[in-house]
Amino acid sequence: MIVVGRPDHHDNPRRRQSPARRRLARRWFRAVSAMAAALLLTGCDGPQSVLAPSSEDARLMALLSWWFFGAGALILAVTLGLLVIALSLAWRGGQSRPISFRASMVLVVSGGVVAPALAIVAVTYTGVMIGDETEGADGRSATAPTVEVDGRMWWWEFRYLDKNGAVIAVTANELHLPVGERARLRLTSDNVIHSFWVPNLQGKTDLIPGKDNVLYAQPAVSGVWRGQCAEFCGMQHALMGFVVVAQPRPAYETWLADQAADAAVTSGPGLDAFLNNGCGVCHAIRGTAADGQAGPDLTHLASRATLAAATLPNTRGNLGGWITSTHEVKPGALMPAIAPEPEELQHLLDFLGALK
Amino acid sequence: MNDIDPALDLRARRTDPIHEELAEIERTWLSPPGFFGWFTHVNHTSIGLRFLVTSFAFFLIAGLLGLAMRLQLVTPLNDFLGPETYNQVMTVHGTAMMFLFAIPAVEGVAIYFVPLMIGARDLAFPRLSAFGYYIYLIGGTVFFASLFVGMAPAAGWFNYVPLSGPEYAEGRGVDIWVTMITFIEVSALTAAVELIVSIFKLRAPGMSLNRMPIFVWAALVMAFMIMFAMPSVIVASAMLTMDRLVDTQFFNPDLGGSPLLWQHLFWFFGHPEVYIILVPALGIVTTIVVTFTQRSVFGYTALVLAIVGVGMVSFGLWVHHMYATGLPLLGRSFFQAASSMIAIASGVQIYCWIATMWGARIRFDTPMLFVLGFFAIFVTGGLTGVMVASVPFDRQVHDTYFVVAHFHYVLVGGAVFPLLAGLYYWFPKVTGRMLHERLGKWSCGIAFVGFNLTFFPMHQLGLEGMPRRIYTYLPGLGWDFLNQLATVGAFVLAAGFALTFWNVFRSLRAGDAAPANPWHAPTLEWATTSPPLNCNFAEQIVVRSDQPIWDWERTGRRAVVGGMRIDRRETIVTTLLDARPQSVQILPTPTPWPFYSAVVLSVCFFGLIFSPWFYVAGIFGAFATFVFWFLPRRRSEVI
């Protein structure tokens with residue numbers, strides 16, 4: 001190795017830390033680590049979080065994540081630690097002391113070949129194992145539901161199928177699943193690509209036109225979580241959310257039977273307002289003349305917790321706002337806003353609010 | 001000699017005597033002055049510098065767009081940018097950073113420094129590099145202009161079909177995107193051809209392949225990667241153009257097309273693209289580590305193999321962008337292994353640098369500080385890179401802010417920090433002036449803090465379920481504070497970069513004059529004046545090791561090539577492996593025809609958006625300009 005002297009003015013005199021300075025550093029360190037800890041604890045148990053698993057699939061993935069973070073932190077610390085040692089050696093001694101060829105080889109081979117090779121084996125092995133476990137149908141009972149998930153611009157349609165593939169019930173933006181059963185979700189899209197993602201339950205899978213994808217979801221406990229489209233799909237990609245409700249089998253069956261029934265109200269001034277404003281062209285309300293297919297099925301709108309693809313809580317006020325100023329809530333949404341007379345609007349809201 | 005020839009304008013302020021012989025060769029290699037002269041320049045120093053200045057200007061604009069996005073995301077349901085504007089800004093930010101900043105910037109560094117490092121007087125096809133530059137300039141300018149007239153594409157930098165297809169992306173936005181891609185493809189391919197031929201055939205006598213500076217190796221690998229990666233995106237963008245303009249159905253599933261085809265073609269280009277940017281940046285890091293430790297790099301062969309390995313493996317891992325598309329698990333598993341194999345190549349490089357630095361008396365000047373910043377950020381980004389190579393982990397974090405954090409760590413840490421290190425390192429060579437040290441150190445420190453403040457919280461945001469490419473989010477999801485932190489960080493980061501921009505402007509006027517070799521570096525670009533002579537080297541040099549300048553200091557001897565003519569542009573041609581002298585190449589003189597060709601082609605490329613007839617017009621128009629470009633000149637002009 002060639003070692004050439006360098007001009008003196010580049011010399012870095014070693015700086016000594018005074019005790020006061022060290023105290024200050026320690027105080028800083030404490031403050032920073034307290035902040036970091038606070039950060040790490042916020043939000044991890046949210047309704048849309050990878051680190052708050054509510055299914056065996058998500059638990060395995062979260063476990064893998066924690067192992068990754070631990071190993072990653074360790075490798076980062078070792079690598080940067082070696083770098084700091086490398087830098088500080090000569091800084092202290094003031095002289096250039098090259099490491100021996102043999103030691104260099106050990107360093108490069110262990111850090112650059114052996115450690116990454118182990119990482120490759122670990123990543124591939126766990127990837128295949130957990131991938132197989134989480135993507136497969138193992139543990140699916142004959143009675144577990146099959147749901148067609150249809151990605152639209154920009155909302156979700158859920159169609160519950162019976163054993164023969166016939167549609168039992170259609171709903172939108174709210175997916176109910178029985179606890180402990182491995183539901184099969186058939187993912188389709190007839191427009192652009194979307195991606196179905198409920199981080200608390202399962203990894204994401206895309207909905208691709210012309211391709212039939214399948215995803216299994218098996219909530220381990222009762223609960224309510226939020227999912228969201230994860231593939232950029234245009235103007236309102238950001239607010240294309242949905243709600244997932246896991247409930248025990250009996251409650252689930254009751255819910256499904258309710259959803260399968262026709263609308264609770266099939267006549268009256270509210271329905272007239274609905275039809276007169278053209279809502280029925282896009283929305284279906286089973287049991288009435290409204291049979292549009294372009295928008296969400298509203299037969300049981302009032303049973304849902306949210307409006308506008310999990311963007312607004314389902315309240316009377318929000319519903320009125322959504323209908324009359326649609327594009328202030330979601331610019332670019334395909335639904336045209338309507339401007340009914342105040343009285344007509346009240347009828348309409350009464351009617352929609354009664355669609356339990 | 002006091003009456004200095006105007007041909008030697010760059011040295012006009014210098015007083016060192018100049019031989020008549022040197023003055024003559026400098027006149028031969030002079031780039032014509034003046035406004036109209038500007039369009040005739042072909043010297044690689046001219047063209048390389050233009051690539052760099054233009055790409056950093058685009059970096060500035062694209063960076064401001066990034067700040068605009070951070071402002072929009074600072075609170076939930078913010079309305080600073082509407083969804084339409086946000087999606088345009090997001091698309092232009094991503095596209096510009098990848099295609100208009102990162103690739104041209106590393107090409108610019110290579111075009112400027114490869115000939116100097118290999119001791120050549122110019123690149124092999126000087127007019128071709130000029131052509132490539134104008135194509136890039138015009139394409140990039142029109143692309144940015146589209147944003148300011150509200151016609152920008154809004155389907156993301158990856159432009160997935162069907163969202164970017166004729167049915168869902170009306171207007172001209174995606175057409176402009178596709179056309180701009182065509183420009184960048186052409187420009188990158190010209191640079192690639194140029195670099196490969198120059199590196200293989202124009203090296204100084206004695207500079208066998210195993211004596212090439214690591215940066216030249218990196219440029220060579222980058223050039224080969226461009227050659228193999230670009231055709232894939234050329235095919236993809238041509239198909240998309242045809243789907244949009246003449247109703248072909250390559251991506252329409254209803255008629256037998258496939259939306260996944262686009263993703264395969266795009267990522268077969270898109271993943272190597274990341275390494276096209278990264279590989280030369282790692283070359284810059286090696287260069288600076290060697291200079292600032294004043295040692296040979298440890299493991300030259302290992303480093304070269306690692307670089308070549310990265311280049312090869314990068315073509316075998318594009319599917320890790322598609323883990324969520326429902327491809328069979330077995331197929332994806334191969335790509336998990338291939339993706340994590342990059343860790344070996346990167347690990348070898350990192351540990352070679354550590355071994356080189358171990359116990360060395362390192363000078364902590366600004367370039368070295370940026371390299372140290374690079375270390376911390378790049379290793380972090382590499383580790384999250386191995387994580388996202390895992391199928392189950394990626395199915396959770398894919399298309400979330402975790403991935404946004406990951407690739408900003410890799411690209412800003414892996415490319416922007418080394419490029420800025422390179423800026424501080426080579427600025428004296430290019431301009432003849434030193435950058436201000438203290439400003440540089442502050443810039444590096446602030447940018448480092450700002451960067452981590454911006455992007456580290458994004459890891460957590462992704463894990464908490466925040467998807468990418470969203471213009472807003474709802475309150476109550478626990479994302480507010482981390483987004484605010486990221487926005488504050490973005491402004492700190494911008495302040496750090498702004499200091500460097502200010503430093504450049506300030507130092508151009510008021511910087512200290514730079515000596516020929518201010519850092520005591522070993523490679524040949526420091527063997528000429530700062531800034532370099534028009535002809536690069538008064539006499540071409542003969543090389544005996546990979547550290548020619550340190551050799552001369554030790555031995556006190558310096559061999560040069562004799563017998564070259566000084567009245568025409570000549571550079572020596574050597575054999576591919578051992579660089580034995582073979583012949584002399586006569587290089588072309590300045591000409592405006594590459595500029596005219598670029599203008600005609602640009603008009604026709606953009607015309608294609610409106611009418612397929614421009615295809616025909618383009619062929620004949622470009623042919624006409626090529627005729628004049630290649631028209632044999634009278635002997636006296638050529639010579």
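Predicted model: local features only at pLDDT ≥ 70, side-chain atom pairs only at ≥ 80, totals over all residues.
Entry 1: I began with Pro162(B) and found it in the loop between helix 5 and helix 6 of chain B; here helices (H or I, at least four residues) and strands (E, at least two) are DSSP runs, numbered from the N terminus. Residues are numbered from 1 along each chain as its sequence is written, and chains are lettered from A and ligands numbered from 1 in the order in which they are written.

Back to the proline: I checked the bond between Val161(B) and Pro162(B), and the peptide is cis, with omega about 0°. Glu167(B) sits in the loop between helix 5 (126–148) and helix 6 (173–201) of chain B. My cut-offs are 20 or more other C-beta atoms within 10 Å for buried, 12 or fewer for exposed, and partly exposed in between, with C-beta atoms placed from the backbone.

**Entry 2: another cis bond.** I found a cis peptide bond joining Ser530(B) and Pro531(B), with omega about -10°. Pro531(B) belongs to the loop between helix 15 (480–510) and helix 16 (548–555) of chain B.

**Entry 3: positive phi.** Which phi does Leu77(B) have? I read a value near 55°, positive in a residue other than glycine. Leu77(B) lies in the loop between helix 3 (44–72) and helix 4 (83–117) of chain B, and it counts as exposed because it has 12 C-beta neighbours inside 10 Å.

Gln294(B), also not a glycine, has a positive phi near 55°. I placed Gln294(B) in the loop between helix 8 (259–293) and helix 9 (300–313) of chain B. Is Gln294(B) buried or exposed? It is buried, because 22 other C-beta atoms lie within 10 Å.

**Entry 4: chain B as a whole.** I noted 19 helices and two strands in chain B. Of its 639 residues, 61% are buried. The C-alpha atoms fill a box of roughly 75 × 65 × 45 Å along the principal axes.

**Entry 5: the contact with chain A.** I find 83 residues of chain A and 78 residues of chain B in the contact, where two residues touch if their C-beta atoms, placed from the backbone, lie within 7 Å. Helix 2 (56–93), helix 3 (101–135) and strand 7 (202–207) of chain A are the elements that give two or more residues to the side of chain A that touches chain B. Helix 3 of chain A provides the largest share of that side, 21 residues.

I then followed helix 3 of chain A to helix 10 (residues 329–357) of chain B: they pack at an angle of about 160°, with axes 8 Å apart. The axes are lines fitted to C-alpha atoms, for helices over the stretch in contact, and angles run from 0 to 180 degrees between N-to-C directions. Helix 3 of chain A and helix 10 of chain B are therefore roughly antiparallel, a label for angles over 145 degrees, with under 35 as roughly parallel, 65 to 115 as roughly perpendicular and the rest as oblique.
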